[in-house]
Amino acid sequence: MSKQLFWSSSLIVLLLAFLSYSANGDLQLNYYAKSCPQAPEIIKQQVYTLYKKHGNTAVSWIRTLFHDCIVKSCDASLLLQSKNGIKSEMTSNRNFGMRNLKYIDVIKAALEAKCPKTVSCADIIALSASEGSPLLGGPRMLMKTGRRDGRSSFVAEIEKYIPNHNASISSFLSIFKSVGVDTEGAVALIGAHSVGRVHCVNIVDRLYPTVDPSLDPAYATYLKGRCPSATPNPVAVEYSRFDRVTTMVLDNMYYKNILAHKGLLVIDQELASDKATAPYVNKMAADNTYFHAQFARAMVILSENNPLTGTQGEIRKDCRFVNA
Ligand code: HEM
Ligand SMILES: *[C@@H]1O[C@H](CO)[C@@H](O)[C@H](O)[C@H]1NC(C)=O
């Protein structure tokens with residue numbers, strides 16, 4: 001072998017090793033094929049049954065994946081409750097409004113009954129999101145498994161990773177870029193705001209004392225009806241749906257709404273006017289298939305953010321607490 005060939009082939013080997021490392025090669029399709037072959041089907045069934053009883057569980061699984069994976073790692077740290085020196089991430093303002101986490105325990109119980117201490121809570125979060133999406137008319141997505149559960153809460157750092165309702169587009173884009181999601185993918189991901197709701201605390205700044213001029217006036221009147229006070233009682237469940245047109249459908253109506261100045265959050269509305277994001281907003285508003293393809297692609301990237309694998313972390317027995 002010539003010296004040159006030797007060096008270039010060594011370089012390729014190194015490059016491949018690096019690529020498989022950085023692409024989280026430890027996650028696999030059907031990781032539980034031997035240890036718990038029925039796991040994907042159990043999760044699928046549970047997500048379906050829960051959806052039939054409480055339709056918005058499927059909405060929650062999409063948001064849960066975002067709020068767990070964007071903060072350091074897809075490690076189910078979001079599910080930890082406060083106990084024994086752990087302060088739950090759910091105590092952060094940025095996780096306000098998160099609901100249905102108690103039903104993760106129902107899914108976990110069904111898995112524990114068949115395969116004790118085998119399937120991680122982090123994989124439950126990933127597969128619940130991928131099963132929930134098509135139930136809402138969203139895209140199918142193929143998610144790898146093999147994530148392990150973390151043993152710590154990142155409550156102190158949440159605000160670095162989860163933007164506020166009034167964050168700038170540039171900070172929003174840089175957070176996603178840091179986990180490998182490009183602008184197109186980030187614009188698709190926030191399209192999850194095609195389903196679910198927003199509590200008035202996250203909207204009133206746009207209504208009082210004066211109405212945000214980027215908001216359609218008739219829509220502002222409607223929102224004032226939903227949120228009659230500038231200082232909503234945080235305990236009273238006052239909210240408005242993100243999308244009044246196709247409320248429980250994960251479709252491109254979100255983009256049509258923001259183009260019509262009917263975005264709920266400041267960041268939703270800015271997406272339609274910012275130079276970096278507007279071209280994708282227009283494209284997604286015009287083409288639901290394109291939106292779905294980008295949403296699925298970006299969700300898979302997000303779901304593979306920095307997972308714990310191999311001997312890292314643990315398989316939690318109860319998703320709410322680290323193992324004793
Ligand atoms: C990165 C910028 C984002 C910001 C600032 C943001 C902010 C918010 C806020 C303030 C709410 C309302 C919470 C409440 O008042 O109850 C919300 C709800 C929601 N978000 Fe986001 N979000 C962002 C991105 C995402 C992404 C990437 C996803 C998923 C892929 C997502 C999924 C959802 C869902 C499904 C809801 C509705 C939850 C429910 O009805 O229970 N969001 N978001
Ligand atoms: C964003 O909204 C919060 C209240 O939810 C407020 O305290 C903060 O000052 C706002 N930030 C900007 C940049 O407007």
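These legends go with a set of close-ups of a predicted model.

**Close-up 1. The largest pocket, seen around its centre.** This pocket has a volume of about 890 Å³. Its lining takes in 35 residues, and the closest to the centre are R63, H67, H193, F242 and L265. By type, the lining splits into 21 nonpolar, 10 polar and four charged residues.

**Close-up 2. Which elements build the lining of the largest pocket.** The largest share belongs to α3, with six residues in the lining.

**Close-up 3. The C36 and C115 disulfide.** Here the two sulfur atoms sit 2.0 Å apart. The bridge is right-handed, with 75° about the S-S bond. It ties together distant parts of the chain, 79 residues apart: C36 lies in the loop between α1 (3-22) and α2 (39-53), while C115 lies in the loop between α4 (102-114) and α5 (121-135). C36 has a relative accessible area of 0%, so it is buried. C115 counts as buried as well, because its relative accessibility is 6%, under the 20% cut-off.

**Close-up 4. The C69 and C74 disulfide.** The S to S distance in this pair is 2.1 Å. The torsion about the S-S bond of C69 and C74 is about 125°, which means a right-handed link. Both ends are tucked away: C69 is buried at 2% relative accessibility, and C74 is buried at 1%.

**Close-up 5. The C200 and C227 disulfide.** C200 and C227 are joined with an S to S distance of 2.1 Å. This link is left-handed, with -80° about the S-S bond. Again, distant parts of the chain are linked, 27 residues apart: C200 is in the loop between β1 and α9 (217-226), and C227 is in the loop between α9 and β2 (239-241). Both C200 and C227 are buried.

**Close-up 6. How the bonded cysteines pair up.** The count for this model comes to four disulfides. Number the bonded cysteines in sequence order and the pairing reads 1-4, 2-3, 5-8, 6-7. Among these disulfides are the link of C36 and C115, the link of C69 and C74, and the link of C200 and C227.

Definitions and conventions:
Residues numbered from 1 in each chain as written. Chains lettered and ligands numbered in written order. Predicted model: local features only at pLDDT ≥ 70, side-chain atom pairs only at ≥ 80, totals over all residues. Heavy atoms only, no water. 1 Å grid on protein atoms, 1.4 Å probe; cavity = no way out; pocket = protein on both sides within 12 Å on 5 of 7 lines; lining within 4 Å. Points joined across faces, edges and corners; volume = space filled by probe spheres on them. Helix = DSSP H or I, 4+ residues; strand = E, 2+ residues; numbered from the N terminus. Nonpolar A, V, L, I, M, F, W, Y, C, P; charged D, E, K, R; others polar. Disulfide = S-S within 2.5 Å. Buried < 20%, exposed > 50% of the residue type's maximum accessible area, 1.4 Å probe, protein only.
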